[in-house]
2 protein chains.
Amino acid sequence: MKLSANEEYGLRCLVRLGYAGENGSITIPEMSQAEGVSAANTAKILRALRKGGFVKAARGKEGGYTLARPAGDIVIAEVMECLGGRLFESSFCDSHGGRTGICTRSVDCSVRSLWRAVQVAVDHVLSKTTLRDLLQNEEEMNSWVRTIPGPNGMRLLQ
Amino acid sequence: MKLSANEEYGLRCLVRLGYAGENGSITIPEMSQAEGVSAANTAKILRALRKGGFVKAARGKEGGYTLARPAGDIVIAEVMECLGGRLFESSFCDSHGGRTGICTRSVDCSVRSLWRAVQVAVDHVLSKTTLRDLLQNEEEMNSWVRTIPGPNGMRLLQ
DNA sequence: AGTAATCTTGACTAGAAAGTACAGATTAGG
DNA sequence: CCTAATCTGTACTTTCTAGTCAAGATTACT
Ligand code: FES
Ligand code: FES
């Protein structure tokens with residue numbers, strides 16, 4: 001349960017595109033330079049974001065990448081799923097059954113229940129955060145995060 | 001951001017030891033058989049749990065593994081850290097700076113703030129769950145998870 | 001058309017995680 | 001003391017992910 005390099009770099013690229021504005025365009029070499037990641041790797045990450053529909057690319061001279069939608073419409077939960085998959089997917093228990101091919105308690109497994117709870121907690125934060133929220137400075141972001149409400153309207157973080 | 005095989009198998013081993021009770025002992029071959037994981041791999045996982053202080057091992061004939069403490073004293077957040085590390089550690093930004101060796105916004109980074117928020121959300125669930133909670137059936141576990149309170153005393157999940 | 005800047009694609013390489021193997025150490029019981 | 005059962009430690013192999021590379025396609029400008 002670790003953040004992956006793809007998730008970190010991908011989100012940072014997206015934030016940088018957000019700063020560039022809806023019409024601002026950034027090329028791969030520029031992004032590579034700005035984030036300190038190799039051009040080849042930057043290209044791979046931006047491609048993933050394009051396939052996910054979060055950015056659009058313009059080829060040829062004067063080309064580059066731009067946000068595909070307004071920053072407020074880009075939900076971070078979807079971005080994270082694109083970049084690193086979900087924490088717990090239904091297929092997980094199938095693929096981690098060991099030799100028997102399935103958890104020996106699969107019809108009634110408390111562990112599975114815990115994974116789901118963790119997934120819900122993560123989604124709770126990420127599905128309420130948009131790219132626009134990330135375009136603030138760290139202090140503002142910290143304050144914002146504290147206001148994320150629970151399903152019952154109460155605050156999740158103190 | 002995915003669950004690792006170590007986390008899945010390790011937690012399942014621990015649950016099985018919990019079912020065996022405080023004095024019940026399970027050998028590597030028994031555990032391997034029960035969970036459908038190879039003996040060599042089971043050994044590796046149980047060794048990690050032993051180093052983490054969650055189980056204790058008895059060598060020699062009539063040996064095996066036992067919980068090191070009562071199930072109610074084994075906090076799942078600690079188990080998960082032992083098996084798979086933390087989602088976001090302070091070292092993460094240092095090791096993912098790319099070529100420059102550090103996030104170019106490191107003095108003021110909204111992304112880092114988001115990671116922290118996700119980590120807090122995960123810890124919120126895992127630090128309130130003990131092995132004892134996992135020794136229930138799935139339905140009971142589901143009900144229990146819904147009662148996890150937020151820091152302000154409100155329910156985290158609906 | 002020609003050229004330079006730019007994204008696109010698929011294949012390749014390096015590195016990390018998962019899983020395996022085996023010789024060694026420890027213990028119970030005869 | 002001897003044997004069988006059991007954990008321990010290290011090293012090895014396999015598998016998956018992260019990162020690199022090079023040739024190709026597209027566009028703006030002249
Ligand atoms: S069904 Fe996934 S751990 Fe039991
Ligand atoms: S400091 Fe880690 S992403 Fe900026």
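Contact means heavy atoms within 4.5 Å. All of what follows describes a predicted model, where local features need pLDDT of at least 70 and side-chain atom pairs count only at pLDDT 80 or more, while totals for chains, interfaces and linings use all residues. Residues are numbered from 1 along each chain as its sequence is written, chains are lettered from A and ligands numbered from 1 in the order in which they are written, and side-chain values use heavy atoms, with hydrogens and water left out.

Of the interface residues of chain B, 100% are also interface residues in chain A, so the copies meet through the same surface.

## Salt bridges

Side chains of opposite charge can pair when their charged atoms come close. A salt bridge here is a side-chain nitrogen of Lys or Arg within 4 Å of a carboxyl oxygen of Asp or Glu. The whole structure holds 12 of them over all chains.

In chain A, Arg16(A) bridges to Glu35(A) at 2.7 Å, N to O. Arg16(A) sits in helix H1 (residues 5-20) and Glu35(A) in helix H2 (residues 28-35), so the pair ties together parts 19 residues apart in sequence. Helices are DSSP runs (H or I, at least four residues), numbered from the N terminus. Glu35(A) is buried, at 2% relative accessible area. Buried means under 20% (1.4 Å probe, protein chains only).

In chain B, Glu8(B) pairs with Arg12(B) at 2.8 Å, N to O. Both lie in helix H1 of chain B, 4 residues apart, about one turn of the helix. Glu35(B) is buried, as is Arg12(B). Back in chain A, shared partners join Glu8(A), Arg12(A), Arg16(A) and Glu35(A) into one salt-bridge network.

## Helix packing

The axes of H2(A) and H3(A) (residues 39-51) come within 9 Å and cross at roughly 110°. Axes are lines fitted to C-alpha atoms, for helices over the stretch in contact; angles run from 0 to 180 degrees between N-to-C directions. The two helices are therefore roughly perpendicular, a label for 65 to 115 degrees.

Ile28(A), Met31(A) and Ser32(A) of H2(A) meet Ala39(A), Thr42(A), Ala43(A) and Leu46(A) of H3(A). These residues divide into 5 nonpolar, 2 polar and no charged.

Key
Buried < 20%, exposed > 50% of the residue type's maximum accessible area, 1.4 Å probe, protein only. Parallel < 35°, antiparallel > 145°, perpendicular 65-115°, else oblique. Nonpolar A, V, L, I, M, F, W, Y, C, P; charged D, E, K, R; others polar.
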